[in-house]
Amino acid sequence: MDGIIDITNESYDLRELYEKDKFDVPSWKHQYIYSYGDLGGATLEQKKFYYVFKESFLKGKYIDLKGNTNYAFILLFNFLEIYDDDKNIDRLQIQFSLLGAHYSETKQYCTSFLLKLLEKIGDQDRINQLKQEDKSLSYNDDYWKLGNRYREKLYLNETDVQLLNKLENPTNNFCDIEACKIEILRLYIALFNELEKVCLDDNVTLQQVFDYIAGIYVKKQYSYQKGSVNYKYSIEETKKYFYQNIFKHAENAVREIYAHKRKLNTDLGLHVSNANDKYNERITSVIEDLLPQLAKKLVKKAHSDTEKELYALNTSRWKIKFEELTDKYKGDYKQFKSDIVALGILNEKNPSIEHIFYEASKFISKYHRETALTLYIYYLHYDLRSESFDNKELTKSIQKNIFESNKQLHDFQLVVSQYINDRDLLGALRSIPPIFETNRKKISVNLDTIKEVEISLSETVNLLNEYLCDDFENEDILIQSIQINDKELEIKITDKKAETKDEVQNIYSSELLLSETQISVLSFFTKNNLSITTDDFKDYAKNNGWFARPIIDGINETCYEFLDDILIEEDDNYYIITENYYQTILAQ
Amino acid sequence: MINIKPKEASAIINSLISGVVPKMGVQHITVGRSEEINAFVLSLEDVKNGQSLVKFWIGDFGSGKSFMLHLLNTVAMKQKFVVANADFTPDNRLYANDGKGLALYSAIMDNVAIQTKPEGGALPTLMEKWIEQVTSKTSEENNIPVTEIRNDQYQKLISANIMKTINEITEVGGFDFGTVVIKYYEGYINGDDQQCRNALKWLKGEYKTKIEARQDLGVREIINDQNYYDMLKNFCKLFVSMGYSGFMINMDEAINLYKIATSTMREKNYEKILTIYNDCFQGKVNNLFINFAGTKEFLENERRGLFSYQALKSRLETNKYETAEIRDLAQPVIRLMPLDHNEIFVLLKKLREIFNSNYKVEIDISDEDIISFMEVIFNKPGASEFLTPREVIRDFLNIMNLLRQNPHVDKSCLFGEIEVSDERPKDDLLDSIEEL
């Protein structure tokens, strides 16, 4: 077999492009292929896939095109062109046979073209053999009729085939989506059957109703004699309007379910108002009753491929789903992000896809700033792939919601410019969380410095211990210096305590070295339950020839080192000794 | 094993958790202040020996100024100094002619403290102690028994000795000072508490008019804005004659002088500082130790700070050979640098030991945990602006307490719950103070 016919003067290395047995078929919206040259209108990706598809076919591998039949038709015409060069009819027959067998949409065409070629070369035997193998083959205009085309696909009976054959091929964008057309056809057939039932309830057939209404129109519009050929023809032609109208209703119902906003005009449009009125009365009103429930019951949820086509068709259709997501948002930002990304995938053919992410970023900025920036990066990702790079910035108020500081804003701007430069989406997304992480200061300590500090502290503690320890001024040691002569000085140290008559029994710790005066004062406290008013103590001191405060102060100084606190506290108008302190100073 | 008294450990832990400086054991937490403390104790010795000094403790919020002043107090009182503390406020200052100078004096005298009365209010005790000394001396000199010396017949003798002693030690205002002390003595002997109170009121500068003072005490003069500084010098001499090592006065929040709106008044106050400075360093007064504490702005601002007064600037400028590593702590200005991470680490380690010693436990906090704690707290919002050692210590001890009572709690969860709060005083922008 011949190799690839390169019509673009470019060559492609296909080895790594697609993994074996895993084919991601680039979507190619259905169009009528008239020649191999129609491949020129395909995208680069589609072209690359076509060559893979062809190579696989030639190697006996038949890739599932997932409804993208254009590739099969291109191949058909490709084979025809090759035949034109070498006239190898045997090879062509095999190729067409395989093509028709594996890509059923091409079967009729393959047979039709083969038959023509066989007729041209006068190979009657092959022609007869072909017709023998498949009696349904005939290349005629009826093939194009809806009923004939969808006979097998929709498992239609003959009545349904005939019903659908009455319709003109719908040629709008919505019906160009195969899955949508199929749903409309199924709904149409079901609707028709229901209309039939309703009519039968009135003891008429639908055809009788159609004939009646058509008769009103034809009679008024034309002056044909009833029963004449012209009359009959006009009736049939008029009834086509009815079939078409019912089909439009069915299509609108499917459009409604598939949230395709644009609807068809379902006015019958006959110029005879009586006929219109009658039609509305007998048909339209019944359809309006039946259709919503019927559509709900029968129309299948759109497959993701269908959704993709629909989103591409109606570039603002995403807003319906988007509004649903924002209305139901309850704080699960992760789910919101997944839903938006999923919505984005379904909108991959939508040239306005970037707006989804921009709006989502704006919405979520109030709730979760990281997700807002992530979705903004996705916005940029798609914006860069669009025809014009808008590079819309987040508004100032949204920036305020998201960024706590100029640094964070600046860091994000760096991420954005980096992404625009290198288009590394994953890298950009990974750069977002660190923007909001506070740069943690690392605390590092130096072991040598710590040792120095500890040594220094130890020295300071020792120094201060010296200064903070009590010199312990003993009031009972009397130091007298007596000048004896010019050269001699006698220093006399007298322990006052030793000189005392020791009249007062010293029940206190010997470490304290309390004077007699101080012991007397403490006895006075003991007699008064360790609590004396300041006035009473003043009187007591005065009676003994002492000043009250110095006495108290002297006792406190003496006991301070022992107790690490003062013994006698002044509290409002009382001098108080705490019981446990008193117990502490008693001799053990 | 840490060498610390149980009482000190308890005081340290309980005080620091409350965010105040402990009254005992403070030497154990003087991390990073060795040089300053060495300089201070040398200064204290100098003052004990008769010199007088003025020091300026300069540091920003959270640098430990109040901690150092508290430490100075504790050491000085232990060294038998009489100590007084007063904060500058908008209502008191060094120089005034509307009573604000006197208000500062009253605040100082109200807060006079000694070791056995560290909380202040020691002036009556000191006065009685001094009177008792004079009385004892009189009794000895005249061979009068101690039990009889307070009799009426000897009152004149004692009054004469009181006046004689006062005249020996005072230069200015001695006559009225002596008269008031005699009045206090007479009030005490005669049981006239009101007279004693009036005498104390005069000594504390609480008489607003001479008429009042004359009516109550028979003296012509009162302490006022112009003469209060002389009275402080008189008291210094008095305390030294009583046997104390000297008189230390600490004045904090010097930023309030910076905030004086009129430049003339502000300069007068700085002039007063200069007068005190010169008196001390020129030997005109002995055994007086004055400490001012303020921020860097108070010192160095060339428009409003001390450096705006040229005479002070030339005396207080930093030794130009000083560096961060080689410091001159002999100069009047001592800058308190914030503790660095190493010092805070050592401090927290020390606190861990003190805590364990206090509660006789071994809390499971390793050195690495301490570093993790420091990382967490120093990375909290606001940490770089207003985190202080006080807050770090308080949070650390609170966590230790929780762990002590709940040993199975996850430390990292506790660290994560720390919040840093702004404890700075709510000052208006200093430079936006209106200049009058």
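1. Let me start with a helix in chain B. Helix α12 (residues 263-281) of chain B lies across β1 (53-58) and β4 of chain B, at about 130° to β1(B). Contact here means heavy atoms within 4.5 Å. Axes are lines fitted to C-alpha atoms, for helices over the stretch in contact, and angles run from 0 to 180 degrees between N-to-C directions. Helices (H or I, at least four residues) and strands (E, at least two) are DSSP runs, numbered from the N terminus.

2. A word on conventions. This is a predicted model, in which local features need pLDDT of at least 70 and side-chain atom pairs count only at pLDDT 80 or more, while totals for chains, interfaces and linings use all residues. Residues are numbered from 1 along each chain as its sequence is written, chains are lettered from A and ligands numbered from 1 in the order in which they are written, and side-chain values use heavy atoms, with hydrogens and water left out.

3. In chain B, five strands make an open sheet with parallel pairing, ordered β2-β3-β4-β1-β5; two strands pair if DSSP finds at least two bridges between them. Its edges are β2 (81-87) and β5 (333-335) of chain B, each pairing on one side only. On average, neighbouring strands are turned by 20° against each other, direction ignored.

4. Within this sheet, five bridges link β3 (residues 246-252) and β4 (residues 288-294) of chain B in the parallel sense. B:Met251 has B:Phe292 in β4(B) as its bridge partner.

5. Chain A has an open sheet of three strands, antiparallel in pairing and ordered β3-β5-β4. Three bridges join β3(A) to β5 (residues 574-577) of chain A, and A:Ile532 stands opposite A:Tyr575 in β5(A). Helix α25 (residues 534-543) of chain A lies across β3, β4 and β5 of chain A, at about 85° to β3(A).

6. Finally, how many residues does each chain bring to the contact? Chain B gives 55 residues and chain A gives 45 residues. Together they bury about 4,700 Å², 56% of it on carbon and sulfur atoms (accessible area, 1.4 Å probe, lost on being put together, summed over both parts).

7. Six salt bridges cross the interface of chain B and chain A (a side-chain nitrogen of Lys or Arg within 4 Å of a carboxyl oxygen of Asp or Glu). One of them joins A:Asp553 to B:Lys129, with the closest N and O atoms 3.2 Å apart.

Methods
Buried area = accessible area lost by both parts, 1.4 Å probe.
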